[in-house]
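Hi,

I'm handing over the structure we talked about, so please have a look at it below.

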Amino acid sequence: MPRIAADRPAAEPQSPGQRARHERILDAAARLGAEHGLDHVQMHDVAKEAGVAIATLYRYFPSKTHLFTAIMAGQVERMGESSPEIDAAADPVEAVAETLLRSTRHMLRTPRLASAMMQSTYAAHVATVSEAAATEAKVHDTVLGLLGLVEPTDQDNRLVRLLMKSWHGVLISAIYAHSTLSEAETEVRLACEVLLAARSNAPGR
């Protein structure tokens, strides 16, 4: 009988050994998610793949929702990293577009894993709402930083939230093969141009 996940926050690793086990779990889940998708990943298989006890897995990740939300959070943490394309962007809006496109391409290399992350992050599971909100906030802040909006207005924040919703829709469509990568790239660029162009010329705000 499947274990029912507890509605509690995940424990945080403290020691170097705990952090190493935590990372092994995330790496193992990502590999299995990329191969099988969310529905066919079993927690005991993740524990076995990571070389940890099942109790250790559940301490850090009380459910698959926690697990794949954490993988998504890890990917989002890397969104702000520079790249030649982002550094060479002609303006802030293009830098935002290149950042979202890099994440889009990365996620679409493993569509089953991408689907698992999206399903988990936006499942609104009571115990992962705060984790999902933190992930959303990180993306939001990354976009504002790229635009140079130090003191964003309510309108700035609304436009960024709308961009995130547009990006999620494009991702979901591409993940389930309703659109091609080329179409997804065109739509992401268009969303950035339409929603953010008026905000790119307001440095120091």
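First, a word on how helices are named here: helices (H or I, at least four residues) are DSSP runs, numbered from the N terminus. Axes are lines fitted to C-alpha atoms, for helices over the stretch in contact, and angles run from 0 to 180 degrees between N-to-C directions.

Please keep in mind that this is a predicted model, where local features need pLDDT of at least 70 and side-chain atom pairs count only at pLDDT 80 or more, while totals for chains, interfaces and linings use all residues. Residues are numbered from 1 along each chain as its sequence is written, and side-chain values use heavy atoms, with hydrogens and water left out.

Let's begin with helix H6 (residues 92-108) and helix H10 (residues 181-196), which pack at an angle of about 150° with their axes 9 Å apart. H6 passes H10 in a right-handed crossing (the near helix is turned clockwise from the far one by less than a right angle). On the H6 side the contact (heavy atoms within 4.5 Å) includes Val93, Glu98 and Arg105, and on the H10 side Glu185, Arg189 and Glu193 are among the residues. By class, this contact has ten nonpolar, one polar and five charged residues. Here Ala, Val, Leu, Ile, Met, Phe, Trp, Tyr, Cys and Pro count as nonpolar, Asp, Glu, Lys and Arg as charged, and the others, Gly among them, as polar.

H6 has another partner: its axis comes within 11 Å of that of helix H9 (residues 154-175), and the two cross at roughly 30°. That makes H6 roughly parallel to H9, and this crossing is right-handed too. Val96, Leu100 and Met107 of H6 are among the residues that meet H9, whose side includes Leu163, Trp167 and Ile175.

Elsewhere, helix H1 (residues 16-36) packs against helix H4 (residues 64-77) at about 100°, with the axes 10 Å apart. That makes H1 roughly perpendicular to H4. Ile25, Leu26, Ala29, Ala30 and Gly33 in H1 meet Leu67, Phe68, Ala70 and Ile71 in H4, giving eight nonpolar residues, one polar and no charged.

Enjoy exploring, and write back with any questions!

Technical notes. Parallel < 35°, antiparallel > 145°, perpendicular 65-115°, else oblique.
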